[in-house]
Amino acid sequence: MKVLFATSELYPLIKTGGLADVSQGLSAALARAGAQVTLILPGYGAVLSKLGQPEQRYPLQDDYLRTDVGLARYRCPQSGLPLLLVECPALYERDGGPYATATAEPWPDNAERFAQFCRAVVCVLAGRAEGLASGYEVVHCNDWQTGLIPGLVRQAGLPQTTLFTIHNLAYQGIFDHATFQQLQLPPEWWHIEALEFFGRFSFMKAGIVFSHRVTTVSPTYAEEILHEPLGCGMAGLLQHHAPKLSGILNGADYSVWNPADDPCIRFHYDADRLPEKLNNKLDLQRQLGLRLTKTTPLIGMVGRLEQQKGVDWLLAAMEALQGEAVQWVILGSGRPEFEQQLQQLARRNPKTMAVIIGYDETLAHRIEAGSDLFAMPSRFEPCGLNQIYSLRYGTLPVVRHTGGLADTVNDASDSALAAGTATGFVFSEPTAEALTRTLRRAISRYAEPGLWRQMQLTAMAQRFDWERSAHDYLTTYQQE
Ligand code: ADP
């Protein structure tokens with residue numbers, strides 16, 4: 001089966017979150033399962049600077065494409081799969097992130113940037129990239145940045161099956177009517193059964209309406225988005241399209257996230273060498289200036305510092321546990337007030353709290369390896385990858401019962417502990433108090449070394465391989 005995988009992020013070339021890891025891990029697993037996969041990505045400056053010369057260039061023929069848009073073929077660094085870059089220096093080669101400036105302002109021309117990307121993808125599917133055979137049977141689209149592809153495929157009468165994956169319904173690519181006109185989209189798409197969304201229009205809605213199949217990244221999130229508030233205004237629309245919606249749990253790339261051979265950590269370990277984990281803890285404490293102690297529980301957190309991730313609850317829990325025997329390491333960036341409040345707390349507690357604002361892949365691995373607990377108190381979580389990585393590192397996750405967190409972490413209830421199936425600590429109530437109570441519960445369990453070790457071993461034995469997800473996607477591609 002020949003698949004074109006369209007995405008706006010790809011590890012290790014460009015990453016703001018889980019989508020980059022998914023694009024890498026899933027595409028490689030699809031290829032191992034026998035699919036012929038090509039990835040297609042905007043040619044961001046940051047990506048080009050990592051790739052060198054292309055293997056080939058192809059002119060694109062499309063009346064709706066800017067004349068400065070081109071296509072070039074490279075190879076994915078990690079998997080070696082073919083990688084097409086839609087190149088346009090004026091749109092994609094800028095300092096800053098893929099969606100926003102260095103100061104977190106969305107690029108003002110995001111609609112055009114991703115509409116042009118979508119049109120270029122459809123040009124490839126239609127065989128209008130000169131010298132490049134199409135023959136694709138499936139186009140797999142990811143999040144709003146690719147949302148126009150299914151509609152354009154349908155409008156052009158192309159034969160491909162279109163699958164649209166929602167990685168986070170909260171980001172919908174919403175723009176105004178003037179932008180709709182500038183993009184020269186078919187006028188009949190300005191309709192509530194097409195793109196129109198409360199007086200504006202949404203790329204995400206376009207993907208949902210026009211694709212053959214819609215997936216999201218965990219079974220629980222696929223249920224949750226059928227209702228508000230997690231439907232983000234689209235619950236009714238999704239209910240209407242429910243027959244084509246399903247949830248496929250993400251996997252983890254254990255060639256990147258494995259404490260037995262992780263190049264980012266100093267002391268490698270697995271189930272047979274678990275005591276080495278403590279050396280990583282000391283190493284992390286030393287690096288961050290925390291008090292050196294093997295016995296005080298260390299709680300890690302890596303991620304976007306946004307309301308979604310429950311950072312306000314985390315701050316309240318950190319305040320509530322101040323002065324108790326617990327240490328914290330937080331790595332992330334996001335809302336300025338969260339960044340500032342976290343930094344203030346850390347300044348007041350330099351030996352027990354370390355807060356690093358920024359993006360640091362190596363440190364993220366070191367936090368996974370060095371922490372005892374990993375906090376993910378998300379209000380909602382489509383899948384979440386960090387809790388899956390934490391399990392592998394024997395770092396027990398503390399999570400809210402939502403989305404993929406609910407699908408991957410088993411609470412340490414009395415019955416789960418007795419059955420030897422507990423892998424973490426789960427709470428449901430969406431409050432700071434519930435998080436604080438659950439952290440206290442985890443900390444008291446930490447004082448029982450035999451029980452803790454058993455939980456770590458159970459957690460480390462869990463497998464969320466991309467193979468299983470790839471199998472489910474291949475099945476879904478065929479259910480047109
Ligand atoms: P989301 O996609 O909602 O941001 P996920 O848990 O699905 O959250 O994926 C987040 C990914 O991004 C993980 O691989 C995580 O380690 C990484 N990540 C997030 N923030 C940072 C950061 N500040 N530094 C390093 N890695 C980060």
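In the open sheet of three strands, what is the order of the strands, and is their pairing parallel or antiparallel?

Modeller: The model is a predicted one, and in it the three strands form an open sheet in the order β8-β10-β9, with antiparallel pairing. The edges are taken by β8 (174-175) and β9 (196-197), each of which pairs on one side only. Between β8 and strand β10 (residues 200-202), two bridges make up the antiparallel pairing, and within it I174 has S202 of β10 as its bridge partner. Helix α7 (residues 203-210) packs on this sheet, where it touches β8, β9 and β10, and its direction makes about 60° with that of β10.

A second open sheet has six strands, arranged as β15-β14-β13-β16-β17-β18, and here the pairing is parallel. Its edges are β15 (353-357) and β18 (425-427), and because each has a single partner strand, one side of each is left without a neighbour in the sheet.

Helix α17 (residues 432-446) touches β13, β14 (327-334), β16, β17 (396-400) and β18, and its direction makes about 160° with that of β18. Helix α18 (residues 449-461) also packs on the sheet, touching β16, β17 and β18, while its direction makes about 80° with that of β17.

At the level of the whole chain, the protein is divided into domain 1, which covers 2-251 + 467-477, and domain 2, which covers 271-460. The C-alpha centres of the two domains lie 33 Å apart, and across the boundary 19 residues of domain 1 are in contact with 17 residues of domain 2. About 1400 Å² is buried between domain 1 and domain 2, with carbon and sulfur atoms giving 57% of that area. On the side of domain 1, the residues that lose the most area to domain 2 are K15, T220 and L249, which together account for 24% of what that side buries.

The polar side of this interface comprises nine residue pairs in polar contact, counted with both residues at pLDDT 80 or more, and one salt bridge is also counted between the domains. K15 itself forms a salt bridge with E361, with 3.3 Å between the closest N and O atoms. As for secondary structure, α1 (18-32) and α8 (219-224) each supply at least two residues of the side of domain 1 that touches domain 2. Of the contributors to that side, α8 gives the most, with four residues.

Over the whole structure, a search finds 24 salt bridges. Side chains of opposite charge can pair when their charged atoms come close.

Methods:
Residues are numbered from 1 along each chain as its sequence is written. This is a predicted model: local features need pLDDT of at least 70, side-chain atom pairs count only at pLDDT 80 or more; totals for chains, interfaces and linings use all residues. Side-chain values use heavy atoms; hydrogens and water are left out. Two strands pair if DSSP finds at least two bridges between them. Contact means heavy atoms within 4.5 Å. Axes are lines fitted to C-alpha atoms, for helices over the stretch in contact, and angles run from 0 to 180 degrees between N-to-C directions. Domain bounds come from an automatic or database domain assignment. Buried area is the accessible area (1.4 Å probe) that two parts lose on being put together, summed over both. A salt bridge is a side-chain nitrogen of Lys or Arg within 4 Å of a carboxyl oxygen of Asp or Glu. A polar contact is a pair of N or O atoms within 3.5 Å; within protein, one must be able to donate a hydrogen and the other to accept it, and residues adjacent in sequence count only if both atoms are side-chain atoms.
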